[in-house]
Amino acid sequence: MKLQLEKSDGLNTFTAYGDGYVSVNGIRHSCNLAVLPERLIPDWTLATFETLSVGDFELLASLDAEIVLLGTGTLLRFPSPDLLRPLLRAQKGLEVMDLPAACRTYNVLMGEGRKVAVGLLLV
């Protein structure tokens with residue numbers, strides 16, 4: 001699906017997504033990816049949903065964001081509460097959703113000028 005925003009001011013926005021990929025500013029990515037308005041982190045984790053670790057969430061907690069989104073692929077799945085401790089310590093909220101919802105929500109929050117980050121599991 002293609003996404004359109006009225007204005008992005010050179011910030012990272014999702015322009016499309018589909019089975020096993022997302023496009024950020026028109027560039028297609030098929031690896032796990034963390035995205036912030038001014039930063040892109042390819043391969044933020046090499047894990048699948050089943051092999052996510054505390055370290056993966058430590059990286060998300062260290063990002064300059066108030067809101068963290070986690071896109072779990074085509075299925076909505078919730079990580080173990082034990083994995084979320086780094087985000088709790090950093091006092092950052094986490095919203096878990098499937099990949100399409102995470103892309104759309106990120107674009108809306110980023111467009112509102114919110115400090116948002118999204119970690120996407122594409123693999």
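The dialogue below goes through pockets, cysteines, salt bridges and backbone angles in a predicted model.

Visitor: What makes His29 buried or exposed here?

Guide: His29 has a relative accessible area of 14%, and since buried means under 20%, His29 is called buried. The residue sits in strand S3, which covers residues 27–29. With its neighbours within four places in sequence left aside, His29 is in contact with Gly20, Tyr21, Val22, Val24, Leu40 and Leu122.

Visitor: Which residues lie nearest the centre of the largest pocket?

Guide: They are Gly20, Gly73, Thr74, Leu121 and Leu122, out of a lining of 16 residues. By class, the lining has 8 nonpolar, 6 polar and 2 charged residues.

Visitor: How many residues of each class line the second largest pocket?

Guide: That lining has 5 nonpolar, 1 polar and 5 charged residues, around a space of about 180 Å³. The charged class takes in Asp, Glu, Lys and Arg, and the lining includes Glu38, Arg39, Asp64, Arg114 and Lys115. Leu11, Leu36, Pro37, Met110, Gly113 and Val116 line the pocket as well.

Visitor: How do you know how many disulfides the structure holds?

Guide: The structure holds 0 disulfides, a conclusion that rests on the distance between sulfur atoms. The cysteine sulfur closest to that of Cys31 belongs to Cys103 and is 13 Å away, whereas a disulfide needs two sulfurs within 2.5 Å, so the separation is too far for a bond.

Visitor: What makes Glu50 and Arg77 a salt bridge?

Guide: The side chains of Glu50 and Arg77 meet with N to O at 2.8 Å, and because a salt bridge asks for a side-chain nitrogen within 4 Å of a carboxyl oxygen, the pair qualifies as one. Glu50 lies in the loop between strand S5 (39–42) and helix H1 (54–62), while Arg77 lies in the loop between strand S6 (67–71) and helix H2 (85–89), so the pair ties together parts that are 27 residues apart in sequence. At 60% relative accessibility Glu50 counts as exposed, because the word applies over 50%. Arg77, at 26%, counts as partly exposed.

Visitor: How many salt bridges does a search of the whole structure find?

Guide: The search finds 3 salt bridges. In another of them, Lys115 pairs with Asp64, the closest N and O atoms being 2.9 Å apart. Lys115 is in the loop between H3 and strand S8 (116–120) and Asp64 is in the loop between H1 and S6, so this pair ties together parts that are 51 residues apart in sequence. Both residues also belong to the lining of the second largest pocket. Asp64 is exposed, with a relative accessible area of 55%, whereas Lys115 is partly exposed at 37%.

Visitor: How do you know that Asp82 forms a salt bridge with Arg85?

Guide: The closest N and O atoms of Asp82 and Arg85 are 3.4 Å apart, and because the cut-off is within 4 Å, the pair counts as a salt bridge. Asp82 has a relative accessible area of 45% and is therefore partly exposed, and Arg85, at 46%, is partly exposed too.

Visitor: Where is Gln91 found, and what is its phi?

Guide: Gln91 is found in the loop between H2 and strand S7 (93–97), and its phi is positive, about 55 degrees, although Gln91 is not a glycine. Its relative accessible area is 75%, and because exposed means over 50%, Gln91 is called exposed.

Conventions: Residues are numbered from 1 along each chain as its sequence is written. This is a predicted model: local features need pLDDT of at least 70, side-chain atom pairs count only at pLDDT 80 or more; totals for chains, interfaces and linings use all residues. Side-chain values use heavy atoms; hydrogens and water are left out. On a 1 Å grid over the protein atoms alone, a cavity is a set of points where a 1.4 Å probe fits but cannot get out, and a pocket is an open set with protein on both sides within 12 Å along at least five of seven lines; lining residues have an atom within 4 Å of a point. Grid points are joined across faces, edges and corners, and a volume is the space filled by probe spheres set on the points. Helices (H or I, at least four residues) and strands (E, at least two) are DSSP runs, numbered from the N terminus. Buried means under 20% relative accessible area, exposed over 50%, partly exposed in between (1.4 Å probe, protein chains only). Contact means heavy atoms within 4.5 Å.
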